[in-house]
Amino acid sequence: MQTLVNLTELRTEGIDLNASYRLPRMGWGRLKLDFNGTYLRKWDQRSRNQEVQQLAGQFGGGVAATVIGSGSTGAFPRWKHNASVTAEIGPLQLTLHQLFIGHYRDADGEREVGTYNVWGINAAYTAFKKLTLTLGVKNLLDTDPPFTRQQQSFQIGYDPALTDPTGRFFYAGVRYRFK
């Protein structure tokens, strides 16, 4: 009979920072600020009969306990955040948003993978009660992902679990609520 065995012990520590603030209405409209960030203080894991591996701020590669299949490469930057500022002007909402991913030690253990900082902007217009029109740009500054030497996924040269090589992307949307 086979019994269950825990093969990996994992200990994590970090701090999540989440804040949202809507300023009082002014003559022209209102501002809303949002921030969601995470500081990873510790990601220590120990596999059965092995030493503790400290992966916070490192590339974990195939040794990270959470790596599952291609596309999940196991990099653990210490800092990540999403931030946005939205101006509400009558039926118009203008939003500037940022995605930031901090640096980490690369797969070779020596090189540092640089930060990833992507900005976007969008406008939403509620022309009628149930109809909203949206226009936007993702990766406004056409930022390339930082180079990494990871070889755990089929996308070599960048980390597909953390970054996106798509480049500047324009989009539009129409939303209609039937209720």
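This is a predicted model: local features need pLDDT of at least 70, side-chain atom pairs count only at pLDDT 80 or more; totals for chains, interfaces and linings use all residues.
1. Overall architecture. The protein chain has 10 strands and 0 helices, and from the N terminus on its elements accordingly read β-β-β-β-β-β-β-β-β-β. Of the contacts in the protein chain with a separation of 6 or more, 53% are between residues 24 or more positions apart. Several of the pairs discussed below can be read with that figure in mind.

2. Burial and surface. Buried residues account for 30% of the 179 residues in the protein chain. The protein chain exposes about 11800 Å², and carbon and sulfur atoms supply 54% of that area.

3. The structure holds 8 salt bridges, among them the one formed by Glu13 with Lys42, in which the closest N and O atoms are 3.4 Å apart. Glu13 belongs to strand 1 (residues 8-22) and Lys42 to strand 2 (residues 30-47), so this pair ties together parts that are 29 residues apart in sequence. Glu13 counts as partly exposed at 33% relative accessibility, and Lys42 is likewise partly exposed, with a relative accessible area of 25%.

4. The pair between strands 1 and 4. A salt bridge also joins Glu88 and Arg22, with the closest N and O atoms 3.1 Å apart. This pair links distant parts of the chain, since Glu88 is in strand 4 (residues 79-89) and Arg22 is in strand 1, 66 residues apart. Is Glu88 buried or exposed? Glu88 is buried, because its relative accessible area of 11% falls under the 20% cut-off, whereas Arg22, with a relative accessible area of 39%, is partly exposed.

5. Further salt bridges. The side chains of Lys32 and Asp34 meet in a salt bridge with an N to O distance of 3.7 Å. Lys32 is partly exposed at 23% relative accessibility, and Asp34 is partly exposed with a relative accessible area of 22%. Both values can be set against the cut-off for burial, which is under 20% relative accessible area.

6. A patch of positive charge. Which residues gather in a patch of positive charge on the surface? They are Lys129, Lys130, Arg175 and Arg177. Of these, Arg177 is placed in the segment after strand 10 (169-176), and its relative accessibility of 38% makes it count as partly exposed.

7. A nonpolar surface patch. Met26, Trp28, Ile89 and Leu94 make a nonpolar surface patch of about 330 Å². Within this group, Trp28 has its place in the loop between strand 1 and strand 2, and Trp28 is partly exposed, with a relative accessible area of 41%.

8. Pro145 lies in the loop between strand 9 (131-138) and strand 10, and although it is a loop residue, Pro145 is buried, with a relative accessible area of 17%. Which residues does Pro145 touch, not counting those up to four places away in sequence? On that basis Pro145 touches Tyr116, Tyr158, Thr163, Asp164 and Pro165. The C-alpha atoms of Pro145 and Gly114 are separated by 8.7 Å, while these two residues are 31 residues apart along the chain.

9. The surroundings of Leu92. Leu92 is found in strand 5 (residues 92-101) and counts as partly exposed at 27% relative accessibility. Leaving aside residues up to four places away in sequence, Leu92 touches Ala87, Ala123, Ala124 and Tyr125. The C-alpha atoms of Leu92 and Ala127 are separated by 8.5 Å, and these residues are 35 residues apart along the chain.

10. Points to check against the structure. A reader with the model open may wish to begin with Glu88, which is buried and has a relative accessible area of 11%, together with its salt-bridge partner Arg22. Pro145, which is also described as buried at 17%, can then be viewed with the residues it touches, including Tyr116 and Tyr158.

Technical notes: Residues are numbered from 1 along each chain as its sequence is written. Side-chain values use heavy atoms; hydrogens and water are left out. A salt bridge is a side-chain nitrogen of Lys or Arg within 4 Å of a carboxyl oxygen of Asp or Glu. Helices (H or I, at least four residues) and strands (E, at least two) are DSSP runs, numbered from the N terminus. Buried means under 20% relative accessible area, exposed over 50%, partly exposed in between (1.4 Å probe, protein chains only). Patches are made of residues with over 30% relative accessible area and no salt bridge: like charges are joined within 9 Å, nonpolar side chains (Val, Leu, Ile, Met, Phe, Trp, Tyr) within 5 Å. Accessible areas come from the Shrake-Rupley method with a 1.4 Å probe; for residues, only the protein chains shown count as cover. Lys and Arg count as positive and Asp and Glu as negative; His and the chain ends are not counted. The place of a charge is taken as NZ of Lys, CZ of Arg, CG of Asp or CD of Glu. Contact means heavy atoms within 4.5 Å.
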